[in-house]
Amino acid sequence: MEDWLYVMMIKKTKEYRKLNRAGVVAHVDNLRKLDDQGCLALGGAFKGYPGMAGMYLLKANSYEEAEAICQQEPLIVAGYATYELHQLQVANKDNNYLL
């Protein structure tokens with residue numbers, strides 16, 4: 001069985017500098033919801049990468065499901081950020097590191 005995660009790369013827009021507390025709270029609430037639903041494998045902010053806000057590693061049943069999750073992210077909805085979505089095939093002991 002192939003294991004896939006979906007990598008959401010979150011890129012700042014010019015509007016990002018207008019991000020306020022309410023926007024951050026909505027973003028964090030979304031992170032909590034995704035975590036509670038078992039959809040969030042990992043998430044975090046980047047430091048020292050101009051233009052990049054952060055990333056999520058999402059657990060989803062399909063690319064389309066992951067895309068729907070991305071489109072509901074409050075930073076995206078409010079125009080503070082855009083995103084790129086990529087599939088990541090997990091390499092681990094169980095699949096002999098994809099050999």
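Predicted model: local features only at pLDDT ≥ 70, side-chain atom pairs only at ≥ 80, totals over all residues.
Local features need pLDDT of at least 70, side-chain atom pairs count only at pLDDT 80 or more, and totals for chains, interfaces and linings use all residues. Residues are numbered from 1 along each chain as its sequence is written, and side-chain values use heavy atoms, without hydrogens and water.

The largest pocket holds about 220 Å³ of space. A pocket is an open set of points on a 1 Å grid over the protein atoms alone, where a 1.4 Å probe fits, with protein on both sides within 12 Å along at least five of seven lines; lining residues have an atom within 4 Å of a point. The lining has 15 residues, and Y16, H27, A45, A53 and L75 are closest to the pocket centre. Ten lining residues are nonpolar, four polar and one charged. β3 (52-58) gives the most, with four residues. Strands are DSSP runs of E with at least two residues, helices runs of H or I with at least four.

The largest nonpolar core comprises 19 residues. Such a core joins buried residues (under 20% relative accessible area) through side-chain atoms within 4.5 Å. M8, L34, Y56 and L58 have the most contacts inside it. Beyond four places in sequence, M8 touches residues including Y56, L58, I76 and L85 (contact: heavy atoms within 4.5 Å).

N61 lies in the loop between β3 and α2 (63-71). N61 is exposed, at 72% relative accessible area, where exposed means over 50%. Its C-alpha atom is 8.6 Å from that of W4, 57 residues apart along the chain.

How values were computed: Points joined across faces, edges and corners; volume = space filled by probe spheres on them. Nonpolar A, V, L, I, M, F, W, Y, C, P; charged D, E, K, R; others polar. Buried < 20%, exposed > 50% of the residue type's maximum accessible area, 1.4 Å probe, protein only.
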